Amino acid sequence: MSEVTRIDMAALNGEAIQEAVDNGGRLELHDSTRPDVAPIVLDDFLMAVMRGEVA
């Protein structure tokens, strides 16, 4: 299973996002200002879309 990179939407880290995309990892998006909202995990399909592998 691929590594999950945790990204805080309140303080985006473009380098970490790009690294996850380039290395085939997955992203978990959360918002530290909204702890009541569940994180969103971008699965393998959505990561493939971000890499441009799905048209």
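This report covers the sheet, the helix against it and the nonpolar core of a predicted model.

**The sheet**

Three strands form an open sheet in the order S1-S2-S3, and their pairing is mixed. Strand S1 (4-8) and strand S3 (40-42) are the edge strands. Each has a single partner strand, so one side of each has no neighbour in the sheet. On average, neighbouring strands are turned by 25 degrees against each other, direction ignored. S2 and S3 pair in the antiparallel sense, over three bridges. Glu28 has Val41 in S3 as its bridge partner.

**The helix**

H1 lies across S1 and S2. Its direction is about 155 degrees to S1.

The elements named here have these residue ranges:

| Element | Residues |
|---|---|
| Helix H1 | 14-22 |
| Strand S1 | 4-8 |
| Strand S2 | 26-30 |
| Strand S3 | 40-42 |

**The core**

Nonpolar side chains in soluble globular proteins tend to be buried together. Which residues make up the largest nonpolar core here? There are eight: Ile7, Ala16, Ala20, Val21, Leu27, Leu29, Leu42 and Met47. Helix H1 and strand S2 are the elements that give two or more residues to this core. H1 supplies the largest share, three residues.

Ala20 is one of the core residues. What does Ala20 contact, leaving aside neighbours within four places in sequence? Its contacts are Thr5, Gly25, Arg26, Leu27 and Met47. Leu27 and Met47 also belong to the core.

Key: Residues are numbered from 1 along each chain as its sequence is written. This is a predicted model: local features need pLDDT of at least 70, side-chain atom pairs count only at pLDDT 80 or more; totals for chains, interfaces and linings use all residues. Side-chain values use heavy atoms; hydrogens and water are left out. A nonpolar core is a set of buried Ala, Val, Leu, Ile, Met, Phe, Trp, Tyr and Cys residues joined through side-chain atoms within 4.5 Å. Buried means under 20% relative accessible area, exposed over 50%, partly exposed in between (1.4 Å probe, protein chains only). Helices (H or I, at least four residues) and strands (E, at least two) are DSSP runs, numbered from the N terminus. Contact means heavy atoms within 4.5 Å. Two strands pair if DSSP finds at least two bridges between them. Axes are lines fitted to C-alpha atoms, for helices over the stretch in contact, and angles run from 0 to 180 degrees between N-to-C directions.
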